[in-house]
Amino acid sequence: MNSSLLLSAATFIYALASVFYIGSFSFKKQVLAKLGFWVIVIGFIANTSGILLRWMESYQMGYGHAPFSNMYESLVFFSWTVAALYIFVEIKYRESIIGVFVSPLIFLAIAYASFDPSISSKISPLIPALKSNWLIAHVITCFLGYAGFALAFGFSFIYFVKPRDPNATSIFAKLPDWEIIDELTYQMIVFGFLFLTIGIITGSVWANSAWGKYWSWDPKETWSLITWFIYAIFLHLRLMRGWHGAKLALVSIFGFFCVLFTYFGVNYLLSGLHSYG
Amino acid sequence: MFFASVRLTVYTLVILAVTSIIGTVILQNGSPQQYVNLYGQGLYNLIQVLQIDDMYHAWWYLLLLLLLCINIVVCSVERLSKTWKIIFPDKIKVNPKRFLSAKNKESFETEKDLEPLCAEYEALLSKRIGKVIRQEAEGSVVLYAEKGRWTRLGVYVVHASVILLLAGALIGALFGFKASLRLDEGETADTVFDSKTRMPIKLPFAIQCNEFEVRFYDTGAPEEFRSNLTVIEGGQESFTRDIRVNQPLRYKGINVFQSSYGTASPNEAVFQITDNITQDVITQTIKKGQAVDLPGNMGTFKFEGFLPHFDFRGHNLGEAFFGRMTLAEGKNFQIGLPTKFPTFDKMRKGRFTVVVKDFDQAYYTGLQVTKDPGVWYVYAGFIFMIVGCWVTFFISHQSVCIGLETSMSNAGSTSGPVRVWVAGKANRNAHGMTLKIRKLATILKDI
Ligand code: HEM
């Protein structure tokens, strides 16, 4: 058993979970969504063990570093954080059906890590700049932030598919009450915002200990700041200007595109200090 | 008022978000020539006027940041002056009517007596929420408790942190510097050169580089860069330290970071000179600038120096020694000896062939030297921002009210079924409050 095998298994288990969730929608069967949830939990266990095993393997190879050091590892960890946060939300709010908007995201991230040929899954040693405990704090907090925004993004679609008519019988009428959806999206963004803030701050402290400058307007830094601005706008619109519903959901969707650009776009289209996501 | 509106905040943040993109797509801090090549003369003029070549320090960008600060300050002052009394009241007023319409209100009836019930509820409420205020009217009791009134200040802490961050950045820009320093092994310097202006800056101490070492993994990727530095003050050695990437030297407000390295020119090397006619060979260590006699006193060879990039007919042959051959017959020319191609000089087909047999590879270390007296304000801002966000989002001002009413049929008596209602209010996270009230109601029912 090695970590790549476990992580591939996790990929397929997450795929299965998405199938169950989408199936529960298509066939209006709540029980499939419940099943989907347990499949996600199993996938999450495989994902967790895969990450831990990879960590151990890196020590066996003599490199000895936490598995957050390249695109492959970061995508695997991204799936992990989204899955973790989703499991928490489902247990807390007991609304299993909303997993239909989230499970595909969990699957896509880890699948992209495995199937894109330009992403190497090799365990490689750390270059000197990445040898810092701040790296671990920075990656974990940033990805918790991204996970919050990813869930908010998933939930935001509910605003566009759930029928307004309370007597509607379409498959989307099963979705939770407006109040709960509103609450959920907001909570996810608040969570994401707090962790993105901490993520930017830890990154900045790290930069100051490695290069002597806490902020250097590197494209990735700048894009994370842009993302931060967007979600700050979201918060002020909601708290002070009373925005809500579909209008605000659009801001959340837009914000997530900024997250994606910060994560991928900057690496592929712009150049800078960050060697990976 | 214009400066106090959240609409201004939103617009300013939108403009900041959009314009910040420019600096990530358009080259920053390039040379005029680079801009003309990339964008043409016409666009370059525009870039200059709007200072897009350094847009995060351009006047209009700084103006936007200033606008944010004014917005935050004006808004906070205005709101705080109004809400201070609400946040810290002399006496808390209880208004049960506010709770009667609450969505999360739960009610039930119980057969217990009013007084003992009140006592138990009061104990529970004071344990779970806080100090209980009791109001009595004819046949009814209202119990009220609250906590977290102070959390309403959280948002002001967040906003203050934004100001603190920008203030720290300003202090750093005004009183700090960022400079680079190149030190060969063995060399000492007390003057560094500003990265932007290239102006010399004198440090309060001198830095000596004793040794530089780079280590590689099997894969060829660098594993560690290390410089061994000695700080010298007033001619006296103060202390010696290793610095690595992520482990800078911080001393007297000056920070010294490992940032790059390269090969320095060796001061001496072992040369072998062969006379291709007589087959005489001499092998000798020569210091830079020193000359030796060629075999058979046919002239001299002088070791002149070392080049990091030796250009030979348009090809870069890498590091090379160079020296000057002065023949007795009067001819005088320069030869290059690339370290990668030891027999290179044979190709010249001259009477004498020079080969570099051995030399100690010397390095220079590239240091980044910074001073930033604003960094502590920035770090304080970081802490305030995290704490403020946490308080604002996850702790709320919560109040809970329990009403107990005896049924009016047996007016004047306090026995018989008691109607109980419980409701709560929170300034944030209404859902959390609803869950809390639901739970509280089940506990109250069981008492
Ligand atoms: C980036 C710069 C920011 C600016 C220019 C800004 C500006 C403002 C202004 C002018 C107000 C209205 C006045 C007031 O209540 O004091 C406001 C309210 C608010 N801001 Fe910000 N803000 C910024 C960042 C943040 C951040 C990072 C947070 C995250 C915690 C935040 C959370 C809030 C909240 C929760 C309110 C509503 C206050 C209430 O409900 O009473 N702001 N902001």
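Reply: A single side chain

The side chain of Glu221(A) reaches the backbone nitrogen of Ser216(A) at 2.9 Å. That is a polar contact, meaning a pair of N or O atoms within 3.5 Å; within protein, one must be able to donate a hydrogen and the other to accept it, and residues adjacent in sequence count only if both atoms are side-chain atoms. The model is predicted, so to speak of local features needs pLDDT of at least 70, and side-chain atom pairs count only at pLDDT 80 or more, while totals for chains, interfaces and linings use all residues. Residues are numbered from 1 along each chain as its sequence is written, chains are lettered from A and ligands numbered from 1 in the order in which they are written, and side-chain values use heavy atoms, without hydrogens and water.

Glu221(A) sits in helix 8 of chain A. Helices (H or I, at least four residues) and strands (E, at least two) are DSSP runs, numbered from the N terminus. Leaving aside neighbours within four places in sequence, Glu221(A) is in contact with Trp215(A) and Ser216(A), where contact means heavy atoms within 4.5 Å.

Glu221(A) is buried but has no salt bridge, and Lys213(A), the nearest side chain of opposite charge, is 9.1 Å away. Buried stands for under 20% relative accessible area, exposed for over 50%, and partly exposed for what lies in between (1.4 Å probe, protein chains only). Lys and Arg count as positive and Asp and Glu as negative; His and the chain ends are not counted. A salt bridge is a side-chain nitrogen of Lys or Arg within 4 Å of a carboxyl oxygen of Asp or Glu.

Side chains of opposite charge can pair when their charged atoms come close. Over all chains, the whole structure holds 20 salt bridges. One of them joins Arg54(A) to Glu73(A), with the closest N and O atoms 2.7 Å apart. Arg54(A) belongs to helix 2 (residues 30-60) and Glu73(A) to helix 3 (residues 71-93) of chain A, so the pair ties together parts that are 19 residues apart in sequence. Arg54(A) is buried at a relative accessible area of 3%, and Glu73(A) is buried at 3%.

In chain B, Arg134(B) and Glu122(B) form a salt bridge at 3.4 Å, N to O. Arg134(B) is in strand 2 (residues 132-137) and Glu122(B) in helix 5 (residues 114-128) of chain B, so this pair ties together parts 12 residues apart in sequence. Arg134(B) is partly exposed at 28%, as is Glu122(B) at 25%.

Helix 8 (219-240) of chain A also supplies at least two residues of the shell around the ligand. The ligand lies between chains A and B and is surrounded by 20 residues, each with a heavy atom within 4 Å of it. A polar side-chain atom of His236(A) is 2.7 Å from a ligand nitrogen. From chain B, a polar side-chain atom of His159(B) lies 2.8 Å from a nitrogen atom of the ligand, and a side-chain N or O atom of Arg79(B) lies 2.5 Å from a ligand oxygen. Helix 3 of chain B gives the largest share of the shell, five residues.
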